[in-house]
Number of protein chains: 2
Amino acid sequence: MRKPIGIFDSGIGGLTVVKQLIHFLPNEDLLYFGDTARIPYGTKSEKLIKQYALEDAAFLDQFGIKLLIVACNSASAVAVDLLQMTLDIPVTGVIFPGVEAALNESKLKRIGIVGTSATINSNAYNKRIFEFDPSIKVFSQSCPLLVPLVEEGWLDDEITYLTLKKYLIPLIDVNIDTIILGCTHFPVIREAIQTVVGNNITLIDSGKEAAKLVQKILTDLKIASQEESRGTFKFFVSDDPGKFTEIGERFLGQPVISAQRVDFDTFLIEQGPKLYKPLNLYD
Amino acid sequence: MRKPIGIFDSGIGGLTVVKQLIHFLPNEDLLYFGDTARIPYGTKSEKLIKQYALEDAAFLDQFGIKLLIVACNSASAVAVDLLQMTLDIPVTGVIFPGVEAALNESKLKRIGIVGTSATINSNAYNKRIFEFDPSIKVFSQSCPLLVPLVEEGWLDDEITYLTLKKYLIPLIDVNIDTIILGCTHFPVIREAIQTVVGNNITLIDSGKEAAKLVQKILTDLKIASQEESRGTFKFFVSDDPGKFTEIGERFLGQPVISAQRVDFDTFLIEQGPKLYKPLNLYD
């Protein structure tokens with residue numbers, strides 16, 4: 001089926017998920033929306049994140065996408081079920097696939113989670129893990145410096161290694177054997193993280209696991225692309241695309257040839273009444 | 001005159017301005033509002049920052065403040081004139097006093113500015129400096145890691161010194177003699193900054209200069225407190241006060257005994273029609 005896959009994120013981090021999609025599903029067309037005007041989502045209320053997620057999804061849905069990926073951890077935590085209820089296409093976030101992979105990997109049943117303060121404080125990963133298996137021991141570490149370090153591009157820098165040691169040695173000390181990278185920025189410094197924690201600890205890239213899950217869904221539902229040529233990709237952002245284009249290669253693994261700013265305010269005014277209806281379910 | 005001074009900021013950083021107010025004006029009562037639910041302001045549009053500033057000011061104005069300080073750099077850059085037109089009391093930001101002090105200090109007429117990416121990209125300080133004296137050479141450096149470093153409390157840490165060197169050595173190399181700390185978080189690591197740049201460079205704390213300006217305004221207008229007892233202070237925030245209270249001492253120089261969450265949404269609904277009117281002037 002030649003319809004695009006839609007991916008949205010609060011900003012640029014979701015490009016690491018796109019990178020994995022290109023790897024696992026090279027023939028699929030991809031449409032990405034980065035809500036750079038309203039970043040960050042993690043500090044917003046649950047209700048507002050749900051509203052944003054509905055709006056972002058509606059924006060992508062107008063292009064006739066066949067599947068939606070919520071690449072943003074904050075939106076994945078609260079809005080995937082709502083989106084699945086609202087849209088007629090399959091929807092997946094990044095938390096469920098990340099958790100499933102970690103549970104499969106961890107022999108000691110001791111899992112570490114790293115993410116932004118917002119993700120860690122939301123307990124989104126812990127809750128999911130306990131739903132599967134309440135006997136798992138979970139150790140969380142918020143790492144607020146890693147996002148700005150990645151965005152500065154200090155990927156192989158002494159400052160980054162020292163910061164990673166400060167955050168990760170407490171996790172190593174409690175004898176975990178698996179760490180979930182609970183932030184889409186973190187795969188960019190995956191090698192540095194692996195160096196610091198050593199090879200006995202398995203790192204789980206939630207975006208990579210999401211891409212593998214999408215591959216399975218497309219096959220199961222028989223909606224995978226049958227094209228032999230490489231898929232196309234298109235990037236939309238809600239604010240000036242300058243920084244997105246400039247540092248995007250770090251996340252995508254290839255240059256972001258062009259990103260288009262969309263007039264999201266106008267889109268919302270036109271779509272508003274339709275969009276806000278489902279929210280009443282939760283009021 | 002026994003009326004409080006109002007101070008607002010997008011979050012916690014403005015407490016460094018309160019610290020200076022307590023130092024210079026120990027007998028004044030202070031009312032602080034930190035808009036922690038809507039932080040950061042710097043990434044928002046100019047129109048939205050103006051709207052937030054009007055709302056924050058209206059919140060403080062209902063307590064009968066005699067003067068308003070815009071402690072947030074982003075709001076200082078775009079909203080001080082609008083607030084001055086809207087309110088019946090004197091209003092000051094942090095940019096104008098910081099710029100004035102830097103112009104007085106710099107012998108070489110070569111000034112460095114450090115701040116968040118939003119403040120640096122807005123060119124707010126440069127524009128003000130060029131209004132005063134177009135012959136000044138200005139060198140800007142955005143320092144996105146410093147806010148999270150301060151909030152993590154890594155004040156005297158190797159990571160902080162290495163990061164400061166990375167940001168500040170390029171400024172030293174272009175022979176500036178004065179640096180404006182264009183972010184209210186930065187005075188918290190003032191000593192580390194001074195150590196890195198050496199004693200030949202003068203650091204300007206915009207918040208301190210704002211406090212000195214307020215002292216002058218109160219005297220000139222004959223509205224300074226005549227009380228001999230120490231003033232009181234009260235802190236309001238628009239989100240959960242947990243982190244504000246917890247790390248506030250680092251900014252204030254004394255414990256934040258209590259911060260009260262206000263139901264800002266309800267306040268806005270009640271005040272809304274009154275508040276949004278002045279904005280039409282700018283549409």
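Contact here means heavy atoms within 4.5 Å. This is a predicted model, in which local features need pLDDT of at least 70 and side-chain atom pairs count only at pLDDT 80 or more, while totals for chains, interfaces and linings use all residues. Residues are numbered from 1 along each chain as its sequence is written, chains are lettered from A in the order in which they are written, and side-chain values use heavy atoms, with hydrogens and water left out.

- Leaving aside residues up to four places away in sequence, Leu15(B) touches Tyr32(B), Phe235(B), Phe244(B), Gly248(B), Phe251(B), Leu252(B) and Val256(B).

**Interface of chains A and B**

- In this interface, 17 residues of chain B are in contact with 18 residues of chain A.
- The two chains bury about 1,600 Å² between them, 66% of it on carbon and sulfur atoms; buried area is the accessible area (1.4 Å probe) lost on putting two parts together, summed over both.
- On the chain B side, Leu145(B), Ile159(B) and Lys166(B) lose the most area to chain A, together 32% of what that side buries.
- Two salt bridges (a side-chain nitrogen of Lys or Arg within 4 Å of a carboxyl oxygen of Asp or Glu) are found across the interface.
- Lys166(A) forms a salt bridge with Asp157(B), with the closest N and O atoms 2.1 Å apart.
- Helices H7 (146–152) and H8 (158–173) of chain B each supply at least two residues of the side touching chain A, and H8(B) gives the most, with six residues.

**Cysteines**

- Zero disulfides (cysteine sulfur atoms within 2.5 Å) are found over all chains.
- Cys183(A) is buried at 8% relative accessibility, where buried means under 20% relative accessible area, exposed over 50% and partly exposed in between (1.4 Å probe, protein chains only).
- The closest cysteine sulfur to that of Cys183(A) belongs to Cys143(A) and is 8.9 Å away, too far for a bond.
- Cys72(B) is in no disulfide, the nearest cysteine sulfur being that of Cys183(B) at 9.3 Å.

**Thr178(A)**

- Thr178(A) lies in strand S7 (residues 178–181) of chain A and is buried, with a relative accessible area of 0%.

How values were computed: Helices (H or I, at least four residues) and strands (E, at least two) are DSSP runs, numbered from the N terminus.
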